[in-house]
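Me: I am new to this structure and would be grateful for a close look at its nonpolar core and the strands around it. Please set that part in the context of the whole chain.

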Amino acid sequence: MGKRRLALCAGVLAVTAFGPAACAAYAADGGGVSAVPATSAPGGDIALRVTGCDAREAVAQSPALVSDARLTFGDDGDGLTGDGRVRSTLTAGTYTVTVACDGTEHKGTVEVVRNPTPAAGAEPSAHASPVAPVNAGAGGAARDLAGGPERHGPGTAQTVVALALAGTAALTVHRTARRQARRGRRTG
């Protein structure tokens, strides 16, 4: 395959691979309310987070919550966080959580399920991930890192930088191939 085709294919591959991720990251960083866990039983505690808000504090309101939840600027600097409790008298369903911040209304949902029961004959499932850090070397660093904030992939800035670098690399390969082709024509 020629160098031009290789450069073109590399550029197309980069856009194809990173384009949807950039759109998803931009949409996710655009601001919204998330609840952890997203599905809760009545009376359960949930952690709320709102991104895309520059205020130092805000209030989350929902008919699913016992009372309004106060959200404050998190230690990780990535949005406002706070805790809430789901009403114990709720029926199963999806409830909206609203946060008014900087004149903008951010929304999210929390799903309430009553008495989740496993399927007939189902074995209790193991944890999806380890509950405690595994002693796997690194001088005990796993224990120190386990308490840190959980990351969910690259943000908008990292995705945009990756796309820019991939585009620059494709353009550099293309220009180098053109220069070499011109030099080959002059000497040939």
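Reply: In this predicted model, the secondary structure of the protein chain consists of three helices and eight strands. Followed along the sequence, these elements are arranged in the pattern α-β-β-β-β-β-β-β-β-α-α. The protein chain has 188 residues, of which 23% count as buried.

The core itself comes next. The largest nonpolar core holds 22 residues, and those that touch the most other members are Ile46, Leu48, Ala60, Leu71, Val99 and Val110. Two or more residues are given to this core by each of the strands β1 (32-36), β3 (45-51), β4 (57-61), β5 (69-73), β7 (93-101) and β8 (104-112). Strand β7 supplies the largest share, namely four residues. As a general background, nonpolar side chains in soluble globular proteins tend to be buried together.

Leu48 belongs to strand β3. Its relative accessible area is 2%, and because buried means under 20%, Leu48 is classed as buried. Along the chain, Leu48 and Ala35 are 13 residues apart, while a distance of 4.7 Å separates their C-alpha atoms.

The peptide bond that joins Val36 and Pro37 is cis, with omega about 0 degrees. Pro37 is located in the loop between β1 and β2 (39-40). In general, most peptide bonds are trans.

Side chains of opposite charge can pair when their charged atoms come close. The count of salt bridges comes to three.

One of them brings together the side chains of Asp45 and Arg85, with an N to O distance of 2.6 Å. Asp45 is partly exposed, at a relative accessible area of 48%. Arg85 is likewise partly exposed, and its relative accessible area is 45%.

Another salt bridge is formed by the side chains of Glu57 and Arg70, at 3.1 Å from N to O. This pair links distant parts of the chain, as Glu57 is in strand β4 and Arg70 in strand β5, 13 residues apart. Glu57 has a relative accessible area of 48% and is partly exposed. Arg70, with a relative accessibility of 56%, counts as exposed.

A further salt bridge joins the side chains of Lys107 and Glu105, with 3.6 Å from N to O. Lys107 and Glu105 are both exposed.

Arg175 is partly exposed, and its relative accessible area is 48%.

To return to the part requested, Leu48 in strand β3 is one of the core residues that touch the most other members.

How values were computed
Residues are numbered from 1 along each chain as its sequence is written. This is a predicted model: local features need pLDDT of at least 70, side-chain atom pairs count only at pLDDT 80 or more; totals for chains, interfaces and linings use all residues. Side-chain values use heavy atoms; hydrogens and water are left out. Buried means under 20% relative accessible area, exposed over 50%, partly exposed in between (1.4 Å probe, protein chains only). A nonpolar core is a set of buried Ala, Val, Leu, Ile, Met, Phe, Trp, Tyr and Cys residues joined through side-chain atoms within 4.5 Å. A salt bridge is a side-chain nitrogen of Lys or Arg within 4 Å of a carboxyl oxygen of Asp or Glu.
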